[in-house]
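Try each task yourself, then read the solution step by step.

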Amino acid sequence: METTDKDKFIGLEADNVLIDTHSHIYGEEFDADREEVVRRAREAGVGQMLLPAIDSETHERLFDLSRRHAECCTPMMGLHPTSVNDNPQWRDELACVERWLANPPEGVRFCAVGEIGLDLYWSAEFRREQIEAFRRQIELALQYGLPIAVHTRNAWPETVELLRTFAGRGLRGVMHAFTDTVETYRTIRELGDFVFGIGGVVTFRRSPLAEVVREMELDDLVLETDAPYLTPVPHRGTRNESAYVSHVCAKVAEIKGLDPAEVAARTSAAARRIFGLPAPQPPAAAGTERAR
Ligand SMILES: [Zn+2]
């Protein structure tokens with residue numbers, strides 16, 4: 001598959017300014033063409049891809065990609081809430097997360113504890129266990145001075161309640177795939193230094209998220225794909241990949257009535273601040289023509 005003109009983000013390629021703050025391109029869905037996927041992302045102006053962990057079954061792939069592309073792929077470490085449901089050994093998984101955070105593998109630096117949170121969509125049977133794992137991992141984030149990347153599905157009231165117990169402790173992070181109400185947004189931003197991950201859902205024709213995003217402060221937003229899931233229009237129905245974060249950027253710009261370049265710059269600044277990422281690479285050579 002070639003990058004189409006629609007995926008290119010004219011004026012931004014040289015700066016690699018976009019940041020996909022949530023991407024699973026280390027997953028097996030990308031085994032056949034992962035290098036191409038990384039190349040297309042760079043061509044679409046994506047300078048950084050942040051890779052959330054799920055559980056130990058995929059840690060090695062996560063570390064492999066992070067080492068192979070250390071310049072643009074940065075891993076997180078954490079236990080996903082649905083992996084708590086699926087696994088009677090989830091406490092061993094949590095111990096594994098603790099070990100990696102204490103002793104990161106050779107050549108790897110974690111940018112966050114994630115993805116962690118509550119997912120009561122599939123089943124509420126393991127609510128207690130999920131809350132315990134979430135709480136423990138927030139403590140780890142505070143211990144190591146890392147932000148959290150939060151996955152919440154059908155559990156916003158529970159998530160707010162839990163985050164409230166950490167208010168005033170300097171917690172920071174991102175509410176990944178935020179799709180809830182303006183009221184929830186306002187409540188959560190009072191509880192810590194939180195930004196909100198906006199992805200492909202905002203491009204869906206009948207999504208109420210666009211109206212919510214209109215009410216949100218641009219500096220509270222970061223962009224993400226959640227590849228291979230939640231593919232934005234015009235690629236909806238196919239596998240998602242990090243290059244498509246440019247479509248999310250364009251949609252947010254349309255909603256806000258702003259230039260996409262400004263949305264890219266400000267959401268990336270928010271991402272760098274929350275995740276402690278380095279400033280973007282300067283253009284390769286001084287005097288190089290930069291498209292605008
Ligand atoms: Zn995810």
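**Exercise 1. Work out how helix α4 (residues 90–102) and α5 are oriented, and which residues meet.**

Step 1: The axes of α4 and α5 come within 11 Å and cross at roughly 10°. Here axes are lines fitted to C-alpha atoms, for helices over the stretch in contact, and angles run from 0 to 180 degrees between N-to-C directions. Helices (H or I, at least four residues) and strands (E, at least two) are DSSP runs, numbered from the N terminus.

Step 2: Angles under 35 degrees count as roughly parallel, over 145 as roughly antiparallel, 65 to 115 as roughly perpendicular and the rest as oblique. The crossing therefore makes α4 roughly parallel to α5.

Step 3: On the α4 side, W90, L94, V97, E98 and L101 take part, and they meet E129, A133, R136, Q137, L140 and Y144 of α5. Two residues are in contact if their C-beta atoms, placed from the backbone, lie within 7 Å.

A note before going on: this is a predicted model, in which local features need pLDDT of at least 70 and side-chain atom pairs count only at pLDDT 80 or more, while totals for chains, interfaces and linings use all residues. Residues are numbered from 1 along each chain as its sequence is written.

**Exercise 2. Find which residues of helix α6 (residues 156–164) are buried, and where they lie around the axis.**

Step 1: A residue is buried if 20 or more other C-beta atoms lie within 10 Å of its own, exposed if 12 or fewer, and partly exposed in between, with C-beta atoms placed from the backbone. In α6, the residues W156, T159, L162 and L163 are buried.

Step 2: Seen down the axis, the buried residues of α6 fall within an arc of 130°, so they line one face of the helix. The arc is that of the directions from the helix axis to the C-beta atoms.

Step 3: The partners that the buried residues of α6 pack against are β4 (113–119), α5 (127–144), β5 (148–153) and α7 (182–189).

**Exercise 3. Repeat the search for helix α1 (residues 34–43).**

Step 1: R34, V37, V38, R40 and A41 are buried in α1.

Step 2: They cover an arc of only 165° around the axis, which puts them on the same side of α1.

Step 3: Their cover includes β1 (18–20) and β2 (46–51).

Step 4: After α1 comes G45, with a positive phi near 95°.

**Exercise 4. Is L118 buried or exposed, and which residues does L118 touch?**

Step 1: L118 sits in strand β4.

Step 2: L118 counts as buried because it has 26 C-beta neighbours inside 10 Å.

Step 3: Leaving out residues up to four places away in sequence, L118 touches P81, Q130, I131, F134, T152, A155, E158 and T159.

Step 4: E129 is eleven residues from L118 in sequence, and their C-alpha atoms are 9.7 Å apart.

**Exercise 5. Describe the protein chain as a whole: how many helices and strands does it have, and what share of its residues is buried?**

Step 1: The chain has ten helices and eight strands.

Step 2: Of its 292 residues, 47% count as buried.

Step 3: The C-alpha trace spans about 55 × 40 × 35 Å along its principal axes.
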